[in-house]
Structures are given as C-alpha cells and as structure tokens.
Amino acid sequence: MIFAFLKARNVCIYQNRPVHLPRREAVRPIYEKITCMKHSAWVLGGILLLLGGCRKADNLQVTLSPGYTGKVDISCASTSSTVANITVDPQGRAIDAVCPRHPAELIVLRDAKRIELDGPPDWLATGDGIPVAIRFSLH
C-alpha cells in the first residue's frame with residue numbers, strides 16, 4: 001500500500017530517503033527489481049529448508065558380545081561427523097569409543113540379529129552438547 005501511494009506520486013525510497021522521479025515509468029524497473037529479489041529470497045529459503053530437512057538420519061551400530069543382556073555403557077573418547085560401529089566387551093562396556101557429534105538412531109546387534117532396547121537410550125553430554133557417554137539396557 002505504501003509503495004502504491006509512493007508510485008502514484010512518482011516517489012521512490014532510496015537509502016531510506018524519498019526520491020522524486022521525473023515520470024511514472026521510472027518506478028516500474030525499481031518495483032520489478034524489488035519483486036524479483038523478494039521471489040528469489042523465498043525460493044532460496046525454500047531450497048535451504050528442503051535440503052536441511054532431507055538430511056538422512058545417522059545410524060550408530062553397536063555390536064554386543066554373544067548372549068549379552070543387561071546395561072550397556074559406552075564412554076565417548078572423541079566425536080566424529082561420520083558414524084562408526086562400536087563393539088561392546090563381555091561386561092557391557094565400550095571404553096574410548098568414537099561417538100557421533102549428534103544423537104543418532106541406535107542399531108544394536110547381538111549374534112548378528114537386531115535387538116530392541118528396553119527404553120530410549122540416554123545420551124550424556126557436556127554443557128556444550130559434546131557427547132561423553134551413551135547408556136541403555138536390554139533384555
């Protein structure tokens with residue numbers, strides 16, 4: 001509405017100041033540029049939103065000792081952007097494991113078969129969000 005008012009009066013805003021234009025036709029290229037920039041921003045924003053939402057969820061594979069049941073405690077010595085497989089010892093511990101930077105879906109294997117967890121895993125992290133341990137239990 002404000003732009004229509006200014007357009008009718010041959011006025012354009014340039015660097016936050018009104019500029020009087022010599023004729024109405026001079027406003028049209030400026031309006032088209034502004035409209036084009038608005039559309040480009042929407043398209044670019046939509047593409048970025050889609051690309052961010054299409055990121056594949058990482059899967060962290062944890063391999064248990066044959067026949068193991070109980071609590072599992074994984075201590076993270078470092079983090080990585082790529083997800084590695086973690087092998088747990090017969091006591092249910094994995095010391096100095098390389099953990100993902102962000103929580104990932106756990107795939108727990110025992111005797112080469114996928115095992116369901118008793119509940120959701122606990123991702124323990126520092127105040128900065130760096131993972132330090134992963135704990136879960138299974139039957």
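The following exercises, each with a worked solution, concern a predicted model.

Residues are numbered from 1 along each chain as its sequence is written. Because the model is predicted, local features need pLDDT of at least 70 and side-chain atom pairs count only at pLDDT 80 or more, while totals for chains, interfaces and linings use all residues, and side-chain values use heavy atoms, with hydrogens and water left out.

**Exercise 1. The disulfide**

Task: Determine which residues the disulfide joins, and state its handedness.

Solution. 
1. A disulfide is a pair of cysteine sulfur atoms within 2.5 Å. The structure holds 1 disulfide.
2. Cys-76 is joined to Cys-99, with an S to S distance of 2.0 Å.
3. Cys-76 belongs to strand S4 (residues 70-80) and Cys-99 to strand S6 (residues 93-100), so the bond ties together parts that are 23 residues apart in sequence. Strands (E, at least two residues) are DSSP runs, numbered from the N terminus.
4. The torsion about the S-S bond is about -85°, so the disulfide is left-handed.
5. Buried means under 20% relative accessible area, exposed over 50%, and partly exposed in between (1.4 Å probe, protein chains only). Cys-76, at 15%, is therefore buried, and Cys-99, at 1%, is buried as well.

**Exercise 2. The salt bridges**

Task: Find how many salt bridges there are, and describe the one formed by Asp-73.

Solution. 
1. A salt bridge is a side-chain nitrogen of Lys or Arg within 4 Å of a carboxyl oxygen of Asp or Glu. The count by this rule is 3.
2. Asp-73 pairs with Arg-135, their closest N and O atoms lying 3.1 Å apart.
3. Another salt bridge connects Glu-105 and Arg-114 at 3.1 Å, N to O. Glu-105 is partly exposed at 41%, and Arg-114 is partly exposed at 48%.
4. Arg-93 and Asp-89 form a salt bridge too, with the closest N and O atoms 4.0 Å apart.

**Exercise 3. The sheet**

Task: Give the order of the strands in the open sheet, and identify its edge strands.

Solution. 
1. The open sheet consists of 4 strands in the order S6-S4-S10-S9, with mixed pairing. Two strands pair if DSSP finds at least two bridges between them.
2. S6 and strand S9 (122-125) are the edge strands, since each pairs on one side only.
3. From one strand to the next, the twist averages 30°. For such angles, axes are lines fitted to C-alpha atoms, and the angles run from 0 to 180 degrees between N-to-C directions.
4. S4 and S6 pair in the parallel sense over 6 bridges. In S6, Pro-100 is the bridge partner of Ser-80.

**Exercise 4. The nonpolar core**

Task: State which residues of the largest nonpolar core touch the most other members.

Solution. 
1. A nonpolar core is a set of buried Ala, Val, Leu, Ile, Met, Phe, Trp, Tyr and Cys residues joined through side-chain atoms within 4.5 Å.
2. The largest such core has 19 residues, of which Val-62, Leu-64, Val-72, Ile-74, Val-108, Ile-134 and Phe-136 touch the most other members.
3. Strand S3 (59-63), S4, S6, strand S7 (105-110) and S10 each give two or more residues to this core.
4. Contact means heavy atoms within 4.5 Å. Leaving aside neighbours within four places in sequence, Ile-134 has contacts that include Val-72, Cys-76, Cys-99 and Trp-123.
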